[in-house]
Amino acid sequence: MKTRIFLTLILLLLIQNSYAQKPADKSATGETMDLYNRISELTKKGIMIGHQDALAYGHAWKLQGNPDIRQLTGDYPAVFGWELGDLELNHQYSLDSVAFDKIREGIKWVYKNKGINTISWHCNNPLTGGNAWDVSSAEVVKSILPGGSRNAEFNKMLDRVADFLNSLKDENGIGIPVLFRPWHEHTGSWFWWGKKLCTVTDYVALWKYTIEYFQTHGVHNVIYIYSSSSNIAKETDYLERYPGDDYIDIFGFDIYQQSLEGRNKYLNEMDKCLDIITNLAQKRNKVATISETGFESIPDKKWWTETLWPGIEKYAVSYVLLWRNACNAPKHYFAPFPGQESADDFIELYKRGRILFLNEIQKE
Ligand code: BMA
């Protein structure tokens, strides 16, 4: 009996060590390790396209609609973004008016269909009661850490997110692995966790506290993304507030083109950021991503093949996530739809070999 247990343990250790890529969470589930390895393998094949809230709504529809990208290409994106903001307040709908039950269902559908789920979180301000963009106090992060006046309140918020992550199960009751990207764009100062709103020590402590809290609450189905804004010039800028390799799996950044004249700025920043994060990913055996991008309303009919693609194609970047197509703000969209001026060019991009949509990654 003892020998059998011993041999099983050895076998488990061997399986564990056969993964080239290991998530930061030492207790990550097998499915989570598989996801991390799959992303890493897919990065060798090409760059996946993602779209925020792709299944929840689009430019001219909400629920039960045909995703905007699919209306153009007949295919789904490979990566599906979701947003948890307001879940921490125990609301039933996200700040973008999507029911959390629908998000859970969507995540299940994506997993079943071999797509990849990534979750962002615009967490409300636990000190002031304002939203994520309430930067009226520079005491928020300190106040929610242990010893702070809002620590108990913040724990309640984390409980709700942990419960949600733990509730993601496939048909066989197995935990669905997801990418998770809290405390993003922290090199800017527009969220309460931003650069001018907390010290380096407190920001790093916030990350560690969040992840350790999740882990002690049984969350082991998460791949963590560290995602700065595009205002970084060198590796040390990027790593200034980095919580460490034991906490982070994916290096990302968010970047937007702001105007037609801003094309060069966008491409220069893209190049600089991709150079930094793809080098880091290679050195530290991790993965790189463009965690948010786009050009609002896409007023450039060749944007996909003449700006985005040339800007990213030479890099080993796993996916590029286009931001959302709001259904209630007609100009707030980042992916095209039939009739949109860059639609034909997006179809051109779709035909390129190294850009991966769902059909392609389902084969892997
Ligand atoms: C922002 C905008 C907002 C949205 C928020 C969270 O970039 O798209 O309209 O509420 O993201 O998804």
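Student: How long is the polar contact between the side chains of Asp-68 and Asn-325?

Tutor: A polar contact is a pair of N or O atoms within 3.5 Å; within protein, one must be able to donate a hydrogen and the other to accept it, and residues adjacent in sequence count only if both atoms are side-chain atoms. Here the Asp-68 and Asn-325 side chains meet at 2.8 Å. Asp-68 also reaches the side chain of Trp-61, at 2.9 Å. This is a predicted model: local features need pLDDT of at least 70, side-chain atom pairs count only at pLDDT 80 or more, and totals for chains, interfaces and linings use all residues. Residues are numbered from 1 along each chain as its sequence is written, and side-chain values use heavy atoms, without hydrogens and water.

Student: Is Asp-68 buried or exposed?

Tutor: Buried means under 20% relative accessible area, exposed over 50%, partly exposed in between (1.4 Å probe, protein chains only). Asp-68 has 4%, so Asp-68 is buried.

Student: Which residues are in contact with Asp-68, leaving aside its neighbours within four places in sequence?

Tutor: Contact means heavy atoms within 4.5 Å. With those neighbours set aside, Asp-68 touches Gly-58, His-59, Trp-61, Asn-325, Pro-336 and Phe-337. Pro-336 lies 268 residues away along the chain, yet the two C-alpha atoms are 6.9 Å apart.

Student: Where in the secondary structure is Asp-68 found?

Tutor: Helices (H or I, at least four residues) are DSSP runs, numbered from the N terminus. Asp-68 belongs to helix H3, residues 68–73.

How values were computed: Helices (H or I, at least four residues) and strands (E, at least two) are DSSP runs, numbered from the N terminus.
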